[in-house]
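Here are two exercises to work through with the model open in your viewer. Try each task before you read its solution.

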Amino acid sequence: MMRALIVNPGKKTLRLAERPPPRPPRNTEALLRILDVGICGTDREIASFEYGTPPAGAEDFVLGHEALGEVMAVGPDVTSLQVGDLVVPTVRRPCSNPRCPACRVGRQDFCTTNEFSERGIVRADGYLAEQVLEEERYLVPVPAALRDVGVLVEPLSVVSKAAEEYSVIHTRFAFEAPKSRGLVLGAGAIGLLGAMSLRASGFETYVFSREPEDTPRAALIGSLGCHYVSSARTAVERLRERIGAMDMIFEAVGVPEVAWGALPALAANGIYALTGVPALGEPVLGDQRRWMRDIVLNNQLIFGTVNAGRSAYEQSVFRLEQFLALFPGQLRELIRRVPLDEAPEIIANGRGIKDVVTFAH
Ligand code: BGC
Ligand code: ZN
């Protein structure tokens, strides 16, 4: 038997339990030994039974979607992986609708039917288990040098997909458009990885979040070469007065008042990426007249992005190598490891910037 963290949405339980290990790999499958699994807001929502769906016919499922594993065994038809390789499994699996144009070409991150599954989130078991069986095509190789930080590939893939979308959108400028000033909303793991990405691509980067300006989080942001602005001192609506107009905004906070409140800080021709998923609730009122006027009169473009395709995972591997060279201490500072026994506790009361459940062997 193997140990796994199981969530039962019907009974509202989250517990460590024994599960039979996967069978040996066949054909193009690989068997993974899980090394690290990151915890994020999505896991916390699932663990408080607000989100998450078991596979068809099951009442519970294995939690966890941000994994780093090591290949233990491969099926006879696997060509790109060997025993001992490090890999990150992608999260989303295609829907089966023959008319979904996205899933039919392997871009399930753009699924049009909503019938996709996501490992550890909707309709599929996740990775908080000692061993996992997976198809070769859903495994992204990670160099051994990234062993300590490879668990960040999945959260970074969200940033990389936004960057891919940004690059495509940016080609709309038939002139030399500025790509110089960027604002990140939120200083959680995604926000900080977004800030590192903007810095690494040469943006003058600002981060806006709620921690006061004399906290370790603010110091970490400063050490990346970013400017930190705390909502404790500057209201979101005042951002433009304080720091000027931004050519790009990357939202990673999931709070509509902050997301829309920052709109006046977007420059003419600005591009705005939304990644946060707010909980549903009462409608939030805002200055719709002003927003519409400003967006139109300034040729602004706002886009949402979720999940990531394989190319964004591969980009994230390169980006992590770059971050390890540029910001080695800061990258490691994001991660705080706990053993599997402490997983339920750490999911309930997060402690690090990126809490990581590690399977000690
Ligand atoms: C995951 C994505 C997923 C999204 C919605 C996020 O936490 O990183 O892969 O698509 O949740 O379920
Ligand atoms: Zn996540």
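**Exercise 1.** Work out how helix α2 (residues 153–170) and helix α8 (residues 310–326) cross.

*Solution.* Start with the axes: those of α2 and α8 come within 8 Å and cross at roughly 105°. Axes here are lines fitted to C-alpha atoms, for helices over the stretch in contact, with angles from 0 to 180 degrees between N-to-C directions. Helices are DSSP runs (H or I, at least four residues), numbered from the N terminus. So α2 is roughly perpendicular to α8 (the class for 65 to 115 degrees).

Next, find who touches whom, with contact meaning heavy atoms within 4.5 Å. On the α2 side you'll find V153, E154, L156, S157, S160, K161, A163 and E164; they meet S311, A312, Y313, Q315, S316, V317, R319, L320 and F323 of α8. Sorted by type, that's 8 nonpolar, 5 polar and 4 charged residues.

A word on ground rules: this is a predicted model, where local features need pLDDT of at least 70 and side-chain atom pairs pLDDT 80 or more, while totals for chains, interfaces and linings use all residues. Residues are numbered from 1 along each chain as written, chains are lettered from A and ligands numbered from 1 in written order, and side-chain values use heavy atoms, without hydrogens and water.

**Exercise 2.** Which side chains make polar contacts (N or O pairs within 3.5 Å) with ligand 1?

*Solution.* Take T42: a side-chain N or O atom sits 2.5 Å from a ligand 1 oxygen. For Y51, the corresponding distance is 3.1 Å. Then there's H65, with a polar side-chain atom 3.4 Å from an oxygen of ligand 1.

Methods
Polar contact = N/O pair within 3.5 Å; in protein donor to acceptor, adjacent residues only side chain to side chain. Helix = DSSP H or I, 4+ residues; strand = E, 2+ residues; numbered from the N terminus. Parallel < 35°, antiparallel > 145°, perpendicular 65-115°, else oblique. Nonpolar A, V, L, I, M, F, W, Y, C, P; charged D, E, K, R; others polar.
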